[in-house]
Amino acid sequence: YPSGNLAIIVTRERDHLICIVQEDELRTAKIRALFQSDGRSTCYYPNGDEWINTSIHGGQYLDQAGNRVRRWIWPNLSPGPHVPLSPIFISLNRHVGVRILAQDKIFISFLAMGRQAKFNMGTKVQASAAHQLPPPTQLGEDELLLLAFRVRILQLFDRMRRCLNFPSSEQWNKIQPPTYLMTQAVKILELCMAADISDELRSSIRVIVNA
């Protein structure tokens with residue numbers, strides 16, 4: 001840091017690289033983020049609470065009250081429907097930022113006195129290794145509802161496109177949605193059958209994706 005305090009440490013432990021981001025403090029040297037080349041990483045709020053956590057399966061984003069705001073699964077490990085990852089950018093402090101674009105694109109950037117350094121601590125799990133990983137935890141109620149509403153919104157957008165493309169046609173509303181949307185709807189229903197949720201919620205999700 002411009003203050004002279006150590007900002008980022010990159011070290012090697014056996015076959016793994018570890019990147020540690022410290023706060024701009026002399027006495028405590030509080031850890032603000034920890035990234036490992038095996039796919040695990042954690043970012044912390046200034047008070048030490050967990051902010052972002054990633055693993056070889058996916059990640060989650062928590063607010064300062066500890067509530068989960070977002071959760072995702074890396075696409076290459078999830079052949080079925082999954083909660084997509086929108087780019088994430090956070091500022092750990094005035095000089096250090098973190099961008100998460102994909103599993104292999106997790107960037108730590110340091111900017112001070114007009115100069116910048118950037119580190120990519122992302123990793124890409126190969127398909128062969130992915131098959132050997134333990135299965136991810138089952139999706140919860142919030143994730144299943146989010147997937148169902150996502151499919152429903154895509155279905156509505158498709159109907160709007162058909163209406164705009166064929167404004168004079170009386171048959172556009174009878175056209176089936178694209179195959180990929182129908183496939184996603186079926187897979188969401190399969191996930192509901194495997195999940196530990198109430199029959200009422202399962203029925204609600206079925207109505208959402210089949211509306």
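View 1. Strand β6 (residues 58-62) and β7 run antiparallel and are joined by five bridges. Two strands count as paired when DSSP finds at least two bridges between them. Helices (H or I, at least four residues) and strands (E, at least two) are DSSP runs, numbered from the N terminus. G58 stands opposite I73 in β7. In the hairpin of β6 and β7, five residues lie between the strands, and G66 takes a positive phi near 90°. A few notes on reading these views: residues are numbered from 1 along each chain as its sequence is written, and side-chain values use heavy atoms, with hydrogens and water left out. Since the model is predicted, local features need pLDDT of at least 70 and side-chain atom pairs count only at pLDDT 80 or more, while totals for chains, interfaces and linings use all residues.

View 2. Turn now to β5, which runs antiparallel to β6 and is joined to it by three bridges. T54 finds its bridge partner in G59 of β6, and a hairpin of three residues connects β5 to β6. How much of β6 is buried? Four of its five residues are, so the strand is largely enclosed by the rest of the structure. Buried here means under 20% relative accessible area, exposed means over 50%, and partly exposed lies in between (1.4 Å probe, protein chains only).

**View 3. The sheet of seven strands.** Both of the pairs above belong to an open sheet with the order β1-β2-β3-β4-β5-β6-β7 and antiparallel pairing. Its edge strands are β1 (8-13) and β7 (68-73), each pairing on one side only. On average, neighbouring strands are turned by 15° against each other, direction ignored. Such angles are taken between N-to-C directions, from 0 to 180 degrees, with axes as lines fitted to C-alpha atoms, for helices over the stretch in contact.

**View 4. The sheet of four strands.** Another open sheet has the order β8-β9-β10-β11, again with antiparallel pairing. β8 and β11 (115-120) are its edge strands, and each pairs on one side only. From one strand to the next, the twist averages 15°.

**View 5. H95 in its loop.** Look for H95 in the loop between β8 and β9. Is H95 buried or exposed? H95 is buried, with a relative accessible area of 15%. Leaving aside neighbours within four places in sequence, H95 is in contact with Y1, P2, S109, F110, L111 and A112. Contact means heavy atoms within 4.5 Å.

**View 6. F35 and the largest nonpolar core.** This core has 25 residues, and those with the most contacts inside it are F35, C43, I52, I90 and L92. A nonpolar core is a set of buried Ala, Val, Leu, Ile, Met, Phe, Trp, Tyr and Cys residues joined through side-chain atoms within 4.5 Å. Two or more residues come from each of β2 (16-22), β3 (31-36), β5 (50-54), β8 (88-91), β9 (96-102) and β10 (105-112). The largest share, four residues, is from β10. Not counting residues up to four places away in sequence, F35 touches L17, I18, C19, V21, R40, S41, C43, V98, I106, I108 and M121. In soluble globular proteins, nonpolar side chains tend to be buried together.

**View 7. Helix α2 from end to end.** Helix α2 covers residues 141-165. At 1.5 Å a residue, its 25 residues should span 36 Å, and its end C-alpha atoms are 36 Å apart, which agrees. The expected span is 1.5 Å times one less than the number of residues. Buried residues of α2 are E143, L144, L147, A148, V151, R152, Q155, D158 and R162. An α-helix has 3.6 residues a turn, so residues three or four places apart point the same way.

**View 8. A stretch to view with care.** Over residues 127-137, pLDDT stays under 50, and the model has nine contacts beyond four places in sequence for them. pLDDT is the predictor's confidence in each residue, from 0 to 100. Where pLDDT is low, the predicted coordinates should not be read in detail. The protein as a whole averages a pLDDT of 79, and 81% of the residues score at least 70.
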